[in-house]
Structures are given as C-alpha cells and as structure tokens.
Amino acid sequence: MWQLYYTPTSVEDALNLLAEHGPQARVIAGGTDLIIELQREERNAPVLIDVTRIGGLNRVSLDGGRIHVGPTVTHNRAVASDVLVDRGYPLALACWQVGTPQLRNRGTIAGNLITASPANDTIAALWALDARLTLSSVDGERVLSFADFFEGVRKTALAPHEMVTDISFPAIKPNQRGLFAKLALRRVHAISVVNAAVLLSFDDDIVAEARIAMGSVAPTVIRAREAESALVGRRLTGESIGRAAELATEATSCIDDIRAGADYRREVISVLVHRALSALQSGQERESFPEAPPMLWGTTGGTYPRLAGKTACHRCEGLEPIECVVNGENVVVQGANDRTLLQMLREKLGLTGTKEGCGEGECGACTVWMDGIAVLACLTPAPRAHGTQIVTVEGLPETASGSQVDGLHPIQQAFIDEGAVQCGYCTPGFVMAGANLLEEIPEPTREQIEFGLSGNLCRCTGYYKIVQAIEKAASKG
C-alpha cells in the first residue's frame, strides 16, 4: 500500500519530508479514512509521514480567547477535553457522535477536515464556530477560513507540501450557546444523512448573532444565511424557530446520494434546525452529551508515549524492523513495513485470535490494545506499532493480575458463563473492548456498556448476552 513510512519527531522534519517527496507523500495520523482508500486503490500515496509521535500536537488549549486544537487531537481526546466541552461544545458533541470508541481513539479532527466529505460531522461544527486552519510548509504559514479551505467534495486548498498545524476558533462566550445535531441511518457508527451546527449570541434574550452550518446537503458544508438573518433581533419563540427552520431548507437544492434523496434531506434539515433551536430555547442542549462517556482508554488516560530521537523510516522491502512489546514479550518483526497491524499480528506473529471481519473498521473483530488504548488493528499501520506495547486476546489473561480462572481473564469466563460466545468470531473484539471498558469504568451503567461496545457487531444476534457478560464481570469486580 505504501513504499516508505516515516515517523518524524518534529514538525520541522515532517515539513522537510513533505517538501522532499511532494505529491507522492501523505501525512497520516489516525489513518481511519486513508488506510481504506489505499486498500481500495482509491488513492496513491507511496510515502506516508506519521506525525503522531511529534510532541505537543495532540493538545487542546485556550489562549487569549481562542481555542487551539492540535493536528493529532483525536475525537476521543476532544470528547475528554474540559475546554472543548465548556467553551467549544458543538465540536465536542460532534466528535462524540463520530464513529465508535476504537475509531475515535485513532481518528483525528484534522483528518476529518482534510478528508473533506460534506457529511463529516466536525466540519459543520467548526464552520459554525468560525474556525480557521493554519497550514504550514517549509515556505512558512498561511491561515485560511473554512470557506477558503474547502473547495468541493473531498477537495481542499491544502498544497502537497503543506500540513495542518493548528485549528483555532473563538471560545464560546457567556452570552453564546451552541449545539450540533445529526440524523443517520442508525444510532451510532453511521455517516450523517444530514447534520447541522448552530451557534447563537444573545443580548439578554434577543438573538444578536446566529450561525447555522449544514452538512451532507451540498458538495461542501454551507451556511443557512437567510435562516440566520431571520433569527437576529428576535427572541427565540416557536414562531421564529419555525420560520428559521423553513428558511434553512431554502439554502440549497440538496444533494441526492445512496443514503438519501434531496426531498428527504430538505425535510430532515428543517427538523434538525428546529430541534437544535428548540433545545437552545429551553436550555436543554447539554442533555445531548453523556456525563461519563466510555473512551476505551483503560487506565492510560488516552496517552500514547512519544518516541525520542531521529526520524524513523520503514521501507516496504527494507530490513528496518518493527520493534515492540506484544503480550509482554519483546518482538522484532521484519517484512511487515507495508502492512497493517492486523496483518503483522496474524501473518508474522501467528496471533490469530485477532480476527479480520470487515477490514474497514465496521465490525470491531480486530480490536487490540495499543499502549492501553483500544484500536482497530485493520486500520492501524504496522510501523505505527514500533516502540509500543500491544495486547491481543491471547495476552489478555496476563492483565488480570492473578485473578484469572483456569487461565482465563474474568471477562472471558463471564462470556462462557453467560453463553455470550455464540459463533465466536467476533468474541475476541468484544472481550478486548469489554475488558478495556471495565479497566476504565469498574462499575459501568448499561448505557456505558452499550456505548463502549458500539464499535463491535455480533452477527449471531447474541448482543444482549454479551452485555450481560460484561455486567457479570463488572459485578465480580
């Protein structure tokens, strides 16, 4: 899929590599979209530059009234950010509704923007927040508005030698409130049929300014400017909300695609805008965000260790090894530099407990822990494992600190006791996700269990047994 995989440890090194390789290179962080595109040969990128080992790029900060989001901030990192939940709420809520815990642990906000699908949730949220992107290269920096950055479906103004180094927007003020809403074809892990983000500024109870961004209705995310104007200077009432929702449908003719037709989208955008404005009117917008969202971070707090030293390079047919710790043992792997972590585990290390169900991040059967964080091995490049600690289902009992029964982790025993194994194919992924959840939240609620397992699919309709098994394991502490 790629010929060279670089792991720089500084922004300067990354920019120099981009300048050297030009259009042949692609920056990778989460790779949850890019790996699929490479596998399907929809994109040609013989050189990948992994920026996730560069210190300081995964931070969210508040500086001088602006929030700054680093280019390797993952969706789950955003969900866990008090700054974003408090002062950038539409973005935090949008990130919570992206994919599944395993995807949110790898996928980044910057990657979501660069992919530039009009259905990508964080674009609408950041557009409503009036965000700016800083693009850096060896030639310097330039700052673009979203209107200037997004040029069409999966088209941006990002030059081949540039990378995103900052995403910033004005922090929500005390007189401002906002919300993100979406409709998809299922409750979780689904692409938006339509999404909308709203930010209102108030002068007492009068709307002083309104920003409404709508996604998956046009080739790019768009503003509903007539609807915004209809709100300004008025109180939020049933009449003004209804009028704004009606005008929102007139902002575009709406697109037709496999997920929905134009007529349906027009109806949905009216409903979403109405719901969002009604929630802001009643002060219920914060009810959409979970009090303690499960991250599948175990006890790590979602922190990946950084590599010190010079830029590493793993060549497709080179002798550079991938050195890591797998299930407590130091391993040195050669011949996997152009493969996924799933392929390395199964083909090079013989750890076939990690299953390939879909190969595109839909089923969760390939869930493993990387530095204590649940990730999908099918979407993680093998060179990214260099210098990390990996745990697969084969090594799970060793994490139980002597509490295993007959060589099984307590959660594995609970699956047996509750008959939750079913056909067994997806079981390793469920077990890894469930064990990680219980490390993070020892006594989870039913809702937390269901959200924590949302990245895994059971094809034998035994999902309720699986939830019962997690509850049983939790009750035994």
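Reader: Which residues lie nearest the centre of the second largest pocket?

Author: The model is predicted, so local features need pLDDT of at least 70 and side-chain atom pairs count only at pLDDT 80 or more, while totals for chains, interfaces and linings use all residues. Residues are numbered from 1 along each chain as its sequence is written, and side-chain values use heavy atoms, with hydrogens and water left out. A pocket is an open set of points on a 1 Å grid over the protein atoms alone, with protein on both sides within 12 Å along at least five of seven lines, and lining residues have an atom within 4 Å of a point. The second largest pocket is lined by 29 residues, and those nearest its centre are Gln97, Phe180, Lys182, Arg187 and Ser288.

Reader: Which element gives the largest share of the lining of the second largest pocket?

Author: Helices (H or I, at least four residues) and strands (E, at least two) are DSSP runs, numbered from the N terminus. At least two lining residues come from each of β11, α12 and α16 (446-452). The largest share, 6 residues, is supplied by β11.

Reader: Which strands stand at the edges of the sheet?

Author: Two strands pair if DSSP finds at least two bridges between them. An open sheet of 4 strands, with antiparallel pairing, has the order β11-β12-β13-β14. Two of these strands have a single partner each, so one side of each is left without a neighbour in the sheet; they are β11 (176-184) and β14.

Reader: Which residue stands opposite Arg223 in β14?

Author: Arg223 belongs to strand β14 (residues 222-223). Strand β13 (residues 206-215) runs antiparallel to β14, and 2 bridges join them. Opposite Arg223 stands Ala213.

Reader: Is Arg223 buried or exposed?

Author: Buried means under 20% relative accessible area, exposed over 50%, and partly exposed in between, with a 1.4 Å probe and protein chains only. The relative accessible area of Arg223 is 16%, so Arg223 is buried.

Reader: With which side chain does the side chain of Arg223 make a polar contact?

Author: A polar contact is a pair of N or O atoms within 3.5 Å; within protein, one must be able to donate a hydrogen and the other to accept it, and residues adjacent in sequence count only if both atoms are side-chain atoms. The side chain of Arg223 makes such a contact, at 2.7 Å, with the side chain of Glu228.

Notes. On a 1 Å grid over the protein atoms alone, a cavity is a set of points where a 1.4 Å probe fits but cannot get out, and a pocket is an open set with protein on both sides within 12 Å along at least five of seven lines; lining residues have an atom within 4 Å of a point.
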